[in-house]
Amino acid sequence: MPAIQVDGLTKRFGETVAVDDLSFTVGSGELFGLLGPNGAGKSTLINMLVTLLRPTSGTALVDGHDVANETAAVRNSIGIVFQEQALDEELTGAENLAFHARLYGIRGEKRAERMDEILDLVGLQEQRDDQVSTYSGGMKRRLEIGRGLLHEPAVLFLDEPTTGLDARTRRDSWEYIRRLNEEAGVSVVLTTHYIEEAEQLCDRVAVVDDGRIAAIDSPSALTGAIGGDVVTLELDGPTATLRTRLDGEPWVAEVADDDSGLHVTVDHGRQRIADLVRLADDAGASVAAVDVREPNLETAFLSLTGATIAEREADAAGGRAGSAGRTDAVVGGEADR
Ligand SMILES: Nc1ncnc2c1ncn2[C@@H]1O[C@H](COP(=O)(O)OP(=O)(O)OP(=O)(O)O)[C@@H](O)[C@H]1O
C-alpha cells in the first residue's frame, strides 16, 4: 500500500486556487519532498493531507485512509511537525515527550521504552532532563521531530523542517531525518523551498509551482532531464556566423542568445570551452567572458517553471502585499469538524 495516494486534489480560497488538481503517489518508506517557493501551495496541500483543511474536490488517502471521512484513522497514522515551534520551553525534553505520549494513550512501560528509543534516535538522550529553553534551535527541532514519531506513525509530515536553522544545523538535521526514515522505517513527506535540501535529502521531489506539480522525479532525474551544461559566451563582435557554425556542430545540443550572451548547451561544458573559444575566433567574434552552469535542481526549477525560486518568492511577496485576503489561521474553523 502506498503511503499517500492523491487524485485530483484541489483547494480553493475564494478566487485563489491554492492547490490545483494534483495527483501523485508517495511510496511506502519513501523520503518525499515538495519543493517550491513560498505561496506555491505546499502548506495547503500538507494541511489537507493531515486533515486540518477540507479539500474542495478530489481525494487523498494517507496510509490507506481517506482524509475527508476517516479523519481519526488518518490522524493516528501520521506525525506532524509544523513550521512554527510548538514545545513547552518550561518543561524538560523528556517531559515534553511524556506529555505528548499521554495524549496518544501510550502508557506505563511502553511509554518509557518508546521515549528512550526516540531520545536515542534524535540524539537527545544526554539532554533529556534539561529544560527545553536551554536547547539550541537544532535540538528543539529534533525534539519536535522525535515527538512526532512517538506513536509510531506510518507517515511523518515535516513542514519546512529546517527553516530558521543555520547551514550547519540544517545539514545535521538532514542526517537525523535520513536516519529516522531508514531506522524507524517511516515514510516522510517534507516541504521545502531550499533546493539543496530537496537535492541532498529526498528520494523523489515534486516541483510545485502555483498550485500545480511541474515535475516529479528523483533529484538526479530532474536535473538530468534538462540535458547538459550551459556555457554562456559573452562576445564582442557579430554573432550570426558563430551561431550558424554552432548549430552545425554535432556536440552542441542547443544555442540561444539574449543580452547576456550566447548560451550553448553541451555535455561536459568545461571541456568544451577551448573549442567554443576557437570557433568564436574563427567566426570573427572575440570572447570577453565565459560562464559554465552545470545543471542542478535550481536550473531544473528554472527550466520547468520559467523562473527561479527567488523570483517566484519575490512575485508572491508583491502579490501578498497587495491583497489583504489571506487568513493565516489555516486551521481556522476547519480543525474540529
Ligand atoms: N487560509 C487562506 N485563505 C486565503 N488564501 C490562502 C489561505 N491559505 C493559503 N492561501 C493562499 O494559497 C496560496 C498557497 O499558499 P500556501 O501557504 O499553501 O503556500 P506555501 O507553498 O505553503 O507557502 P508558505 O511556505 O509560505 O506557507 C497562496 O496564494 C496563499 O496566499
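**View 1. Division of the protein chain into domains.** The protein chain comprises domain 1 (4-222) and domain 2 (227-294), with bounds taken from an automatic or database domain assignment. Between the C-alpha centres of domain 1 and domain 2 the distance is 44 Å. The model is predicted: local features need pLDDT of at least 70 and side-chain atom pairs count only at pLDDT 80 or more, while totals for chains, interfaces and linings use all residues. Residues are numbered from 1 along each chain as its sequence is written, and side-chain values use heavy atoms, with hydrogens and water left out.

**View 2. The six-stranded sheet.** Six strands make up an open, mixed sheet ordered S6-S7-S8-S3-S9-S10. Strands (E, at least two residues) and helices (H or I, at least four residues) are DSSP runs numbered from the N terminus, and two strands pair if DSSP finds at least two bridges between them. Strand S6 (78-81) and strand S10 (212-217) each have a single partner strand and stand at the edges, so one side of each is left without a neighbour in the sheet. From one strand to the next, the twist averages 15°. S6 and strand S7 (residues 155-159) run parallel and are joined by four bridges; Val-81 stands opposite Leu-158 in S7.

**View 3. Helix H6 on its strands.** Helix H6 (residues 167-183) lies across strand S3 (31-35), S7 and strand S8 (187-192), and runs at about 155° to S8. Axes are lines fitted to C-alpha atoms, for helices over the stretch in contact, and angles run from 0 to 180 degrees between N-to-C directions. Contact means heavy atoms within 4.5 Å.

View 4. An open antiparallel sheet is formed by four strands in the order S2-S1-S4-S5. At its edges stand strand S2 (16-26) and strand S5 (65-66), each with a single partner strand, so one side of each is left without a neighbour in the sheet. Two bridges pair strand S4 (residues 57-62) with S5 in the antiparallel sense, and His-65 in S5 is the bridge partner of Val-62. Helix H1 (residues 42-49) packs on this sheet, touching strand S1 (4-13), S2 and S4, with its direction at about 120° to that of S1.

**View 5. Nonpolar cores.** The largest nonpolar core has 42 residues, and Leu-158, Leu-180 and Val-188 have the most contacts inside it. Such a core is a set of buried Ala, Val, Leu, Ile, Met, Phe, Trp, Tyr and Cys residues joined through side-chain atoms within 4.5 Å, where buried means under 20% relative accessible area (1.4 Å probe, protein chains only). Another core, of 28 residues, lies apart from the largest one and includes Phe-32, Ala-60, Val-67 and Val-74.

Terms used:
Buried means under 20% relative accessible area, exposed over 50%, partly exposed in between (1.4 Å probe, protein chains only).
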